[in-house]
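Subject: Structure for your files

Hello,

Here is the structure I said I would pass on.

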Amino acid sequence: MSTDKLDLTGHIALVTGGSRGIGRASSLLMASRGADIAVNYHTRRDAADEVVAAITAMGRRAYAVQADVAEAAQVEAMMKDVIDNLGTPDILIANAGATADDLVVRMSEETWDHVINTNLRGTYLTTRAALRGMMRARWGRIIAISSVAGIRGSAGQSNYAAAKAGVIMFIRSVAKEMGSRNITANTIAPGVTETEMTAHLTPDVKQHYLEELLLGRWGTPDDVAEMVAFFASDAASYITGQTIAVDGGLSA
Ligand code: NAP
């Protein structure tokens with residue numbers, strides 16, 4: 001038994017959108033600290049398989065599982081699949097997210113619904129599914145990935161900002177319901193982070209953000225993963241209902 005409070009040996013984490021970007025970095029870091037990982041993906045099996053192979057090479061167990069987090073039946077099937085093949089997760093990283101930017105006056109209902117459903121409904125559905133096992137275990141960690149957009153708002157991203165603000169209050173409410181069960185629930189709000197999600201931004205937009213970043217650089221997936229792994233660990237056992245920005249000072 002390790003005395004290192006950051007050690008995650010014996011825990012099983014389900015990471016939604018664990019195949020790329022922040023979810024991938026979080027999966028790898030938690031595995032390096034001893035956790036077994038269920039790597040959820042939506043469309044890109046190859047990326048999930050690569051993460052699973054990297055975790056297996058570390059001597060940990062990992063399992064790739066496909067599901068659209070916005071679809072209740074798929075989330076329920078995913079949870080059953082993970083329990084059957086890896087065990088019951090006691091850590092959930094509700095990370096899967098998507099953007100589809102447009103100005104409000106031009107935004108279609110489909111674009112609005114897609115972003116709200118992936119980011120907010122997906123967090124609700126996966127949290128609901130994960131809580132059952134955590135309540136039985138009387139130990140659990142829910143960590144959701146919001147965004148600085150959910151704190152400050154973001155022109156051209158009203159759907160995304162609304163969803164990410166919703167994630168913050170959803171998770172705080174979960175913390176209030178679950179504290180007596182020894183289950184913590186916290187949210188991380190990354191700033192601009194180098195992943196495929198931000199790869200399409202124009203040089204002008206990238207420069208604009210750079211000027212606002214107190215630390216003078218974009219974030220990396222590893223910057224965010226450090227906070228994910230901390231919240232998942234016993235080192236964070238007295239922290240719940242909180243939102244921490246990992247954003248180089250963007251929201252300061
Ligand atoms: P990314 O590189 O685009 O990766 C997105 C991940 O989510 C992929 O694994 C993708 O799976 C998965 N995914 C997308 N839609 C899904 C769905 N409906 N069901 C299940 N999985 C789905 O994104 P990222 O930048 O790492 O973002 C991770 C989280 O951080 C998101 O919640 C995002 O909103 C948030 N965030 C990112 C930034 C940033 O600057 N990058 C800033 C603030 C917050 P497939 O590849 O299989 O489709």
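Predicted model: local features only at pLDDT ≥ 70, side-chain atom pairs only at ≥ 80, totals over all residues.

Residues are numbered from 1 along each chain as its sequence is written, and side-chain values use heavy atoms, with hydrogens and water left out.

Ligand site

There are 31 residues around the ligand, and those that come nearest are Ser19, Thr43, Asn95, Tyr160 and Thr195. A residue is counted as near if one of its heavy atoms lies within 4 Å of the molecule. By class, the shell holds ten nonpolar, 16 polar and five charged residues. In that division Ala, Val, Leu, Ile, Met, Phe, Trp, Tyr, Cys and Pro are nonpolar, Asp, Glu, Lys and Arg are charged, and the others, Gly among them, are polar. At least two shell residues come from each of helix H1 (21-32), strand S2 (36-41), helix H4 (109-137) and helix H6 (158-178). Helices (H or I, at least four residues) and strands (E, at least two) are DSSP runs, numbered from the N terminus.

Asparagine 95, one of the nearest residues, lies in the loop between strand S4 (91-94) and H4. Its relative accessible area is 12%, so asparagine 95 is buried. Buried means under 20% relative accessible area, exposed over 50%, and partly exposed in between (1.4 Å probe, protein chains only). Beyond its neighbours within four places in sequence, asparagine 95 is in contact (heavy atoms within 4.5 Å) with Thr16, Gly17, Ile22, Gly23 and Ile145.

Strands

S4 runs parallel to S5, with four bridges between them; leucine 92 has isoleucine 142 as its bridge partner in S5. Strand S5 (residues 140-145) is in turn parallel to S6 and joined to it by six bridges, with isoleucine 142 opposite alanine 185. S6 and strand S7 (residues 243-246) are parallel as well, with four bridges, and isoleucine 188 is partnered by isoleucine 244. Two strands pair if DSSP finds at least two bridges between them.

How many residues of S6 are buried? In strand S6 (residues 183-190), eight of eight are. One side carries Ile183, Ala185, Thr187 and Ala189, the other Thr184, Asn186, Ile188 and Pro190. In S5, six of six residues are buried, with Gly140, Ile142 and Ala144 on one face and Arg141, Ile143 and Ile145 on the other.

Single residues

Arginine 141 lies in strand S5 and counts as buried because its relative accessibility is 1%. Its side chain reaches the backbone oxygen of alanine 232 at 3.5 Å. Outside four places in sequence, the contacts of arginine 141 include Asp90, Met134, Thr184, Phe231 and Asp234.

Leucine 250 sits in the segment after S7 and is buried, at 5% relative accessible area. Valine 192 is 58 residues away from leucine 250 in sequence, with 8.4 Å between the C-alpha atoms. Among the residues that leucine 250 touches are Val148, Gly191, Val192 and Tyr209.

Most residues other than glycine have a negative phi. Arginine 138, in the loop between H4 and S5, has a positive phi of about 50 degrees and is partly exposed at 47%. Asparagine 182, in the loop between H6 and S6, has a positive phi of about 65 degrees and is partly exposed at 40%.

Regards

Terms used. Polar contact = N/O pair within 3.5 Å; in protein donor to acceptor, adjacent residues only side chain to side chain.
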